[in-house]
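Student: Could you walk me through this model, a topic at a time? I may jump around a bit.

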Amino acid sequence: MNYQEKIKKSAELIKNSRFAIAFTGAGISTESGIPDFRSSDGIWKRFKIVTYQEFLTKKDAREEFWRMKQELLRELLGAKPNKAHNALAELEQMGLIRYVITQNIDGLHEQAGSKNIILLHGSNHEAICLGCDKTFPISNIYARLNEGEKDILCYECGGIIKPKVVFFGEPMPQKELFLASSLASQCDLMLVIGSSLQVEPAASIPRITFKNGGKLIFVNKSETDWDYMAEIIFHQSAGEVLMDILNRLKN
Ligand code: APR
């Protein structure tokens with residue numbers, strides 16, 4: 001199939017689906033200027049992964065984490081949704097996509113106007129003191145980093161402050177994981193966009209759909225180990241592909 005045939009077939013699959021959902025990863029936000037994790041210029045090529053246990057117990061690890069977060073926030077705080085986020089929001093308004101399950105913490109699906117969003121890895125919007133549960137807007141933490149603080153502690157109780165995102169080694173939010181797994185088993189079509197599908201358990205969500213007989217459309221610049229599951233694959237940028245599918249559905 002050439003590109004235009006794949007767009008036509010994708011639009012037909014979406015139009016004829018009973019219950020379609022989207023599953024997104026960091027690749028959907030690179031066109032908004034936010035780096036992903038595992039591409040050649042990805043976050044994990046430049047920073048060390050800090051696990052939850054290390055963050056709780058080692059000052060050095062927290063400082064490494066906040067160096068990474070400061071760089072990410074520089075891009076993230078001013079970022080705007082791109083064509084791919086906007087297309088998904090419009091597909092939801094048209095009643096064609098029912099949910100967006102995302103691994104992203106950047107808030108761009110919300111900004112684009114998607115309503116039914118499941119945040120598997122939390123949100124970067126706020127941070128919380130692990131000592132007294134006081135919450136802080138992330139902009140407040142960013143200001144402290146820019147003033148030169150390296151290990152962000154609570155001014156009131158001295159506790160460790162952590163963004164409300166899921167760290168490696170930290171349990172996943174059970175309600176979100178359960179809901180995502182349940183939707184994945186019910187849907188007859190899943191659009192899988194911008195994820196290397198290397199991080200579990202999130203990466204198992206598309207596999208649930210595949211095992212239950214649902215169809216998958218992959219939109220990912222690079223190949224993944226799971227490409228064989230896809231009915232249609234685009235190794236292209238998400239913004240272009242999703243806009244072309246949306247326009248096809250509107251015409
Ligand atoms: N369009 C389509 N695909 C893209 C684009 C784009 N514009 N830009 C990048 N990609 C693809 C890359 O080719 C890559 O395969 O998106 C994928 C992003 O993969 P990862 O960087 O591994 O991101 P993700 O799968 O979301 O990572 C999962 O890992 O570190 C953790 O918690 C973090 O939620 C994240 C999780």
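This is a predicted model: local features need pLDDT of at least 70, side-chain atom pairs count only at pLDDT 80 or more; totals for chains, interfaces and linings use all residues.

Student: Which domains does the assignment give for the protein chain?

Tutor: The assignment gives domain 1 (1-34 + 81-121 + 173-251) and domain 2 (35-78 + 126-165), with bounds that come from an automatic or database domain assignment. Their centres, taken over C-alpha atoms, are separated by 28 Å. Eleven residues from domain 1 and ten residues from domain 2 take part in the contact, where contact means heavy atoms within 4.5 Å.

Student: And where does the second largest pocket lie?

Tutor: The second largest pocket lies between domain 1 and domain 2, because both give residues to its lining. A pocket here is an open set of points on a 1 Å grid over the protein atoms alone, where a 1.4 Å probe fits, with protein on both sides within 12 Å along at least five of seven lines, and lining residues have an atom within 4 Å of a point.

Student: Which strand gives the most to that lining?

Tutor: Strand 4 does, with three residues, and helix 6 (108-112) also supplies at least two; helices (H or I, at least four residues) and strands (E, at least two) are DSSP runs numbered from the N terminus. Among the lining residues are Asp106, Glu110, Ser123 and His125.

Student: Changing topic, which residues are buried in helix 7?

Tutor: In helix 7 (residues 138-146), the buried ones are Ile138, Ile141, Tyr142, Arg144 and Leu145, buried meaning under 20% relative accessible area with a 1.4 Å probe and protein chains only. Seen down the helix axis, they fall within an arc of 160° (taken from the directions from the axis to the C-beta atoms), so they line one face of helix 7.

Student: What covers them?

Tutor: The cover includes helix 4 (59-76), strand 4, strand 5 (135-137) and strand 6 (161-165).

Student: Last one: is Ala84 buried or exposed?

Tutor: Ala84, which is found in helix 5 (residues 83-93), counts as buried because its relative accessibility is 0%. Leaving aside neighbours within four places in sequence, Ala84 is in contact with Ile28, Ala238, Gly239 and Leu242. Ala84 and Leu242 are 158 residues apart in sequence, yet 5.6 Å apart in space, C-alpha to C-alpha.

Definitions and conventions:
Residues are numbered from 1 along each chain as its sequence is written. Side-chain values use heavy atoms; hydrogens and water are left out. Buried means under 20% relative accessible area, exposed over 50%, partly exposed in between (1.4 Å probe, protein chains only).
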